[in-house]
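Have the model open while you read.

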Amino acid sequence: MSTLVSQHESVKAATSITSLQETINSVIEEMIKTLPNPKQLTSSERRGIVARYSSVLEGNFIYWMTAALIAVKSEEAREELVENLHEEVKDAHPDMMRRFAIAAHAFPTDSDALSVHDDLTKMRKFLGRLSPVQSLAAMAFFEGFIQRFMPFLAGLAAEEGSTEMEYTDVHGVCDIAHTEGLYRALATEISVNPVQPGTDLLEGVSLLRTLIDRIVYYKPEVAAA
Ligand SMILES: [Fe+2]
């Protein structure tokens, strides 16, 4: 590939990443602005949201980041994902998550875990396809979403009497840098490993959105009726 062509390809990739990032950010914006007010939920509703979130995040975040790492081909994307994983493992983020849930009296039960089972399984199968660009787009969305979701999650726990906020404090800040890094990795990956025409780059984003909606809006009493 000549230098000129490769420069052209990089510009094209950067342009499509910018519009992809804008689309993803608008999805996040819409999801955040429609969240309920923690004070207007019942204690059981607040507990349920923290428990379902914890059930999904504690055991899957590192798994999904690892799936993206296995899928990507570019060195830059690998480095970015390894850096994320390094922090997750070194600082024991699953332990932070668990402490947060326990302190909010929201450690997930079998019913909490089963209520997200189907949507969680779809996400696992999607990442199992090891599609590098789609997987990275999904993780970039997820990092960005989590960072914006933290004040809501902290509000739920606070209303339940918890003061254990290390998880929400850490993820409300550090994931800004992670999100930017993931978009840079996405730009590189898409230029070295272009997707097939017609590929839905937002497939993983849609699956995650459905899963998050389930976490926030699931009503056990309606399901049991
Ligand atoms: Fe984390």
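## Layout of the chain

From the N terminus on, the elements run α-α-α-α-α-α-α-α-α-α. In other words, this predicted model has ten helices and zero strands.

How does the radius of gyration fit with a compact globule? With 225 residues, such a globule would come out near 17 Å, and the chain has 18 Å, so the two agree.

As for the interior, 40% of the 225 residues are buried.

## Two partners of α9

Two packed helices are described by the angle between their axes and the distance between the axes.

| Helix pair | Axes come within | Crossing angle |
|---|---|---|
| α6 (residues 117–128) and α9 (residues 203–217) | 9 Å | roughly 160° |
| α2 (residues 43–71) and α9 | 7 Å | roughly 145° |

Start with α6 and α9. Their axes cross at roughly 160°, and angles over 145 degrees count as roughly antiparallel, so that's how these two helices run relative to each other. The crossing is left-handed. On the α6 side the contact is made by D119, L120, K122, M123 and F126, while α9 brings in E203, G204, L207, L208, T210, L211 and R214. Sort those contact residues by type and you get six nonpolar, two polar and four charged.

Now the α2 and α9 pair, whose axes come within 7 Å. Here α2 puts in I49, R52, Y53 and V56, and α9 answers with L211, I215 and V216. That contact divides into six nonpolar, no polar and one charged. Notice L211 of α9: this residue is in the contact with α6 and turns up again in the contact with α2.

## A look at D110

Is D110 buried or exposed? The residue sits in helix α5 (residues 110–115). D110 has 8 other C-beta atoms within 10 Å, and a residue counts as exposed at 12 or fewer, so D110 is exposed.

The C-alpha atoms of D110 and S55 are separated by 9.4 Å, although the two residues are 55 residues apart along the chain.

Definitions and conventions
Residues are numbered from 1 along each chain as its sequence is written. This is a predicted model: local features need pLDDT of at least 70, side-chain atom pairs count only at pLDDT 80 or more; totals for chains, interfaces and linings use all residues. Helices (H or I, at least four residues) and strands (E, at least two) are DSSP runs, numbered from the N terminus. The radius of gyration is taken over C-alpha atoms; the globule rule is 2.2 Å times the number of residues to the power 0.38. A residue is buried if 20 or more other C-beta atoms lie within 10 Å of its own, exposed if 12 or fewer, and partly exposed in between; C-beta atoms are placed from the backbone. Axes are lines fitted to C-alpha atoms, for helices over the stretch in contact, and angles run from 0 to 180 degrees between N-to-C directions. Angles under 35 degrees count as roughly parallel, over 145 as roughly antiparallel, 65 to 115 as roughly perpendicular and the rest as oblique. A crossing is left-handed if the near helix is turned anticlockwise from the far one by less than a right angle, and right-handed if clockwise. Two residues are in contact if their C-beta atoms, placed from the backbone, lie within 7 Å. Ala, Val, Leu, Ile, Met, Phe, Trp, Tyr, Cys and Pro count as nonpolar, Asp, Glu, Lys and Arg as charged, and the others, Gly among them, as polar.
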